[in-house]
Amino acid sequence: MADVPPRIELAPGLDIPRLLTGLWQVADMERDRGPLDPDAAAASLADYAAAGFDAFDMADHYGSAEIIVGRLLAGPWRGKARAFTKWCPPPGPMTAEIVREGVGRSFQRLGLERIDLMQFHWWQYRHPAYIDALAEMAKMVGEGRIGALGLTNFDTDHLRLLVKHGIPIATNQVSFSLLDRRAAGRMGEFCKAHGVKLLAYGTLAGGFLTDRWVGQPEPVDIPDWSKSKYKRFIDAAGGWSVLQTILAAASAIAKRHSVSVANVATRWVLDHEAVSAAIVGARPGEREHRAANLRTFAFAFDEADRARLDAALATAAPIPGDCGDEYRRPPFLTASGDLSHHLDALPKIYEAQPVPGRAARWRVDSGSQWEPIAGYSRAVREGQRVFVSGTTATHGSGTVVCPGDAEGQAVYILDKIAASLEALGATIEDVVRTRVYLANADDCEAVSRVHGRVFGAVRPANTLLEIGRLVGPYAVEMEAEAVVE
């Protein structure tokens with residue numbers, strides 16, 4: 001067995017171990033007892049770095065994790081250990097000043113002039129300012145302040161939109177495990193094709209994919225929020241019996257190779273072509289599993305192992321949706337608790353206004369220069385009916401999103417339509433008719449698949465046409481009608 005974990009190039013000049021040390025548990029450790037001693041915690045992380053686990057993943061909301069890593073980097077590990085962090089702002093305007101101030105807090109806490117990997121999380125795609133935020137962060141990459149730009153929990157459609165829009169995305173951090181295999185589908189295929197690297201967390205499903213749970217009865221009471229989140233994945237995959245089937249297969253393989261179930265579960269994720277590294281949580285100064293984690297690389301699956309795992313996985317239902325969906329719809333369970341109320345409190349991008357003299361009529365403006373010139377509204381509600389005008393992928397004061405790419409434009413348009421509906425008290429589920437206008441009929445299937453991912457459970461009436469020429473440099477335009485129950 002190797003003395004240190006193998007390494008991989010995550011981005012040009014960014015060499016990392018294939019197991020990253022995740023610091024999300026710092027927030028959990030500090031919840032009841034207050035901030036950790038930064039010097040003692042940093043000394044613990046120095047032991048990780050000395051053992052080859054020298055890349056640390058954190059976020060602006062992981063308690064004092066950034067301060068602890070900053071203390072580590074103030075010593076001999078400066079320029080040697082890698083610091084990966086995340087900025088997770090609430091949706092709202094993303095001016096250059098707001099972005100640089102928000103990201104700047106991590107620079108201050110880490111004591112760095114340059115951060116190796118800055119990752120970005122966005123709570124609500126209906127608010128499109130994530131494009132502005134990432135565009136400004138891309139400028140910081142060009143300035144050398146950020147080494148590489150990553151995402152956290154973005155789904156495939158919105159990752160693709162950003163890449164096609166020209167944002168230099170290096171990584172996407174997503175849940176990936178024997179239970180949650182969403183990243184092995186469209187996400188993994190897109191990342192392999194476009195050079196985006198996946199960083200996988202949740203590989204042990206909050207501890208459920210370990211020897212501890214082999215052959216054990218289903219827990220009645222789950223005391224921590226993190227395990228509650230992964231228990232939902234177990235239930236969605238088919239329940240406790242399905243988990244036990246997977247654990248039995250993993251346990252047999254583990255015994256055959258003299259490793260642990262955790263090693264088997266982690267190695268299965270790392271063997272996926274799109275995955276560069278898995279993130280293993282640490283509790284600085286409390287306990288460590290470096291030697292046990294290193295055994296992930298002490299064996300390799302053969303055909304019999306893979307056949308055994310494939311047979312077990314075939315009993316599990318796929319987790320529905322795409323990567324990151326669990327962070328944008330309730331119940332949203334994290335190590336910090338159920339944050340579903342946080343989703344309800346997110347600001348709406350548009351505000352409805354009453355139409356003078358028409359008690360039952362409300363309208364929404366998007367700020368387009370053409371709305372007052374042409375005398376129309378982005379959307380209108382009359383009683384229970386909502387009408388959304390023809391919508392294009394126009395961002396801000398006139399930027400065209402994903403020029404020439406109908407699929408990316410369709411994703412942006414449907415988010416814009418959802419935001420318009422929301423402002424008038426309606427949802428995507430209330431839509432009864434859509435119309436799609438294409439500049440080129442060859443884009444029919446790609447745009448239809450985007451439409452299907454949004455409306456697959458709603459099934460509104462739909463018309464799709466190729467138009468001789470759309471007004472402006474657009475590949476697609478859409479409109480919608482809804483009836484509110």
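Visitor: Let us begin with Cys444: does its relative accessibility count as buried, exposed or partly exposed?

Guide: The model is a predicted one. Buried means under 20% relative accessible area and exposed means over 50%. Cys444 has 30% relative accessibility, so this residue counts as partly exposed.

Visitor: How does Cys88 read by that scale, buried or exposed?

Guide: Cys88 is buried, its relative accessible area being 14%.

Visitor: How many disulfides are there?

Guide: A disulfide is a covalent bond between the sulfur atoms of two cysteines. The criterion applied is a pair of cysteine sulfur atoms within 2.5 Å, and by this rule the count is 0. For Cys88, the closest cysteine sulfur belongs to Cys323 and is 17 Å away, too far for a bond. For Cys444, the closest cysteine sulfur is that of Cys402, at 19 Å, which is also too far for a bond.

Visitor: Turning to strand β5, what can be said of its two faces?

Guide: In a regular strand the side chains alternate between the two faces of the sheet. In β5, Arg82, Phe84 and Lys86 lie on one side, Ala83, Thr85 and Trp87 lie on the other, and all of them are buried. Because 6 of the 6 residues of this strand (residues 82-87) are buried, β5 is largely enclosed by the rest of the structure.

Visitor: Which strands pair with β5, and in what sense?

Guide: Strand β4 (residues 55-57) pairs with β5 in the parallel sense over 3 bridges, and Ala55 has Arg82 as its bridge partner there. Strand β6 (residues 115-120) also runs parallel to β5, joined to it by 4 bridges; Phe84 has Leu117 as its partner in β6.

Visitor: Which helices take part in β-α-β units with these strands?

Guide: Helix α3 (residues 65-73) forms a right-handed β-α-β unit with β4 and β5. Helix α4 (residues 96-110) forms a right-handed unit with β5 and β6.

Visitor: Why is α3 described as largely enclosed?

Guide: The description holds because 7 of the 9 residues of α3 are buried. Among them are Ile68, Val69, Leu72 and Leu73. The cover over the buried residues of α3 includes α1 (25-33), α2 (38-50), β4, β5 and α4.

Notes: Residues are numbered from 1 along each chain as its sequence is written. This is a predicted model: local features need pLDDT of at least 70, side-chain atom pairs count only at pLDDT 80 or more; totals for chains, interfaces and linings use all residues. Side-chain values use heavy atoms; hydrogens and water are left out. Buried means under 20% relative accessible area, exposed over 50%, partly exposed in between (1.4 Å probe, protein chains only). Two strands pair if DSSP finds at least two bridges between them. A crossover is right-handed if, with the strands pointing away from the viewer, the path from the first strand over the helix to the second runs clockwise. Contact means heavy atoms within 4.5 Å.
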